[in-house]
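Please open the structure in a viewer and keep the sequence at hand.

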Amino acid sequence: IGGDGVAVCYFNDEGLTEQKFIYHEKTGKRLYKTGDFGMYHSDGNIEFLGRKDFQVKIRGHRVELGEIENAVREVSGAELVKVTALKLDIGNVVACFLKSGEGRTADKEKLDSALLKKLPKYMIPSVYADIDELPMTRNGKVDTKELERIAVSAMNTHKREVNTDEVTDTM
């Protein structure tokens with residue numbers, strides 16, 4: 001994107017400025033690389049297609065899922081943490097999958113309480129699920145269909161209130 005409303009740099013961060021701000025080949029004007037994928041249509045409109053990174057929009061706020069993962073890892077001591085945005089039958093949710101350690105399970109209420117000291121409420125996962133390992137496809141990618149099944153099972157088991165329709169433009 002470009003224009004009068006766009007900043008010209010990151011304050012005191014030359015490296016990030018060089019990475020995110022470029023010059024338009026034809027006009028020479030400065031542009032900001034947003035991290036969004038889009039497509040121009042013949043009528044001049046731009047269609048938003050998604051994100052290049054792991055950001056999602058939660059209740060109007062752009063959030064890097066890794067930030068939630070790091071906070072969960074810090075407060076839980078879990079060996080493995082994966083946070084993802086899932087589109088389930090009940091709506092869109094932020095789900096956290098974690099391996100707490102040999103024979104341990106995560107205390108979801110304590111996790112919520114500890115995370116609220118580190119993250120805003122809109123970033124707190126709607127559902128937590130204990131896992132031994134991440135489910136993988138034959139191609140070596142995380143199996144999101146299996147994660148959805150695990151999340152639904154965890155929601156049914158724990159019968160906790162789940163915030164839905166909080167996630168948009170997932171990637």
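In which segment does N12 lie? Select N12 in this predicted model: the residue belongs to the segment before α1 (14-20). Its phi is near 55 degrees, a positive value in a residue other than glycine. Most residues other than glycine have a negative phi. N12 is also exposed, with a relative accessible area of 69%.

Next, select Y10, F21 and Y32, which form one aromatic cluster. The structure holds 3 aromatic pairs. In one of them, the ring centres of Y10 and Y32 are 6.4 Å apart and the planes stand at 55 degrees, so this pair is tilted. Y10 lies in the segment before α1 and Y32 in strand β2 (residues 30-32), so the pair ties together parts that are 22 residues apart in sequence. F21 and Y32 make another tilted pair, at 5.1 Å centre to centre and 55 degrees between the planes. Because F21 is in strand β1 (residues 21-23) and Y32 in strand β2, this pair links parts 11 residues apart in sequence. Y10 is partly exposed, at 30% relative accessible area, whereas F21 counts as buried at 7%.

Select I68, V72 and L98, which touch the most other members of the largest nonpolar core, a set of 22 residues. Elements giving two or more residues to this core include β5 (55-58), β7 (80-88) and β8 (91-99); α2 gives the most, with 4 residues.

Centre the view on L98: among its contacts beyond four places in sequence are V72, L80, L111 and I131. Finally, select L88, F97, V127 and A151, which are included in a second, separate core of 13 residues.

Notes
Residues numbered from 1 in each chain as written. Predicted model: local features only at pLDDT ≥ 70, side-chain atom pairs only at ≥ 80, totals over all residues. Heavy atoms only, no water. Core = buried A, V, L, I, M, F, W, Y, C linked by side-chain atoms within 4.5 Å. Buried < 20%, exposed > 50% of the residue type's maximum accessible area, 1.4 Å probe, protein only. Contact = heavy atoms within 4.5 Å. Phe/Tyr/Trp six-rings, centres within 6.5 Å; stacked < 30°, edge-to-face > 60°.
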